Amino acid sequence: WPRVFEGMLSFMDLISRAYMQQLNPDIYIVSGIQQMPKIADSSDYLTKFLSIIGTCLYPIALSMLLPVYLYTLVLEKEEKLRAIMKMNGLKLRYYW
């Protein structure tokens with residue numbers, strides 16, 4: 001994954017330099033990528049543990065919202081709110 005990110009940054013850098021060269025051939029841009037230093041500490045296990053717990057709890061939290069979205073969708077279909085809005089001449093951008 002970091003390699004893909006480096007590739008995207010390099011590509012964006014290449015495009016920016018080519019654009020600047022096209023505008024003014026006298027300009028030359030020098031750039032590079034450097035990783036931030038990482039300090040090894042004893043809380044690395046805690047970070048991994050919390051990451052695993054968060055990975056398990058995040059889908060559960062999202063699934064708690066599913067009934068709310070489903071209720072809204074069913075209510076809209078039942079009351080035909082969108083069709084009524086169109087009949088009254090309102091634009092759909094206000095619906096969304």
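Helices here are DSSP runs of type H or I with at least four residues, numbered from the N terminus. I kept that in view while going through this model, which is predicted.

**Entry: confidence.** I looked up the pLDDT before anything else. The protein averages 80, and 88% of the residues score at least 70. I then went through the elements: α2 has the highest mean pLDDT, 85, and helix α4, residues 92–95, has the lowest, 74.

**Entry: overall layout.** I counted four helices and zero strands. Along the sequence the pattern reads α-α-α-α. I looked up burial next, and buried residues come to 2% of the 96 in the protein.

**Entry: helix α2.** I noted that α2 covers residues 44–79. How far apart are the end C-alpha atoms of α2? I found them 53 Å apart; the 36 residues of α2, at 1.5 Å a residue, should span 52 Å, so the two values agree. I also looked for a bend and found a kink of about 25 degrees at Leu65, shortly before the proline Pro67. Just after α2 comes Lys80, where I noted a positive phi of about 55 degrees.

**Entry: a surface patch.** I looked for nonpolar groups on the surface. Leu46, Phe49, Leu50, Ile53, Leu57, Ile60 and Met64 form one such patch. Together these residues have about 710 Å² of accessible area. I checked the place of Leu57, one of the patch residues, and it lies in helix α2.

**Entry: salt bridges.** How many salt bridges are there? I count one, taking a side-chain nitrogen of Lys or Arg within 4 Å of a carboxyl oxygen of Asp or Glu. The partners are Asp13 and Arg17, whose side chains meet at 3.2 Å, N to O. Asp13 and Arg17 are four residues apart in helix α1, residues 2–23, so about one helical turn separates them. An α-helix has 3.6 residues a turn, so residues three or four places apart point the same way. I also looked up the exposure of Arg17: at 28% relative accessibility, Arg17 counts as partly exposed, because that class runs between 20% and 50%.

**Entry: Gly32.** Where does Gly32 sit? I found Gly32 in the loop between α1 and α2. Is Gly32 buried or exposed? Its relative accessibility is 69%, so Gly32 counts as exposed, the cut-off being over 50%. I also checked Gly32 against Leu9, which is 23 residues away along the chain; their C-alpha atoms are separated by 9.4 Å.

Conventions
Residues are numbered from 1 along each chain as its sequence is written. Side-chain values use heavy atoms; hydrogens and water are left out. Patches are made of residues with over 30% relative accessible area and no salt bridge: like charges are joined within 9 Å, nonpolar side chains (Val, Leu, Ile, Met, Phe, Trp, Tyr) within 5 Å. Accessible areas come from the Shrake-Rupley method with a 1.4 Å probe; for residues, only the protein chains shown count as cover. Helices (H or I, at least four residues) and strands (E, at least two) are DSSP runs, numbered from the N terminus. Buried means under 20% relative accessible area, exposed over 50%, partly exposed in between (1.4 Å probe, protein chains only). The expected span of a helix is 1.5 Å times one less than its number of residues. The bend at a residue is the angle between axes fitted to the seven residues ending there and the seven starting there. pLDDT is the predictor's confidence in each residue, from 0 to 100.
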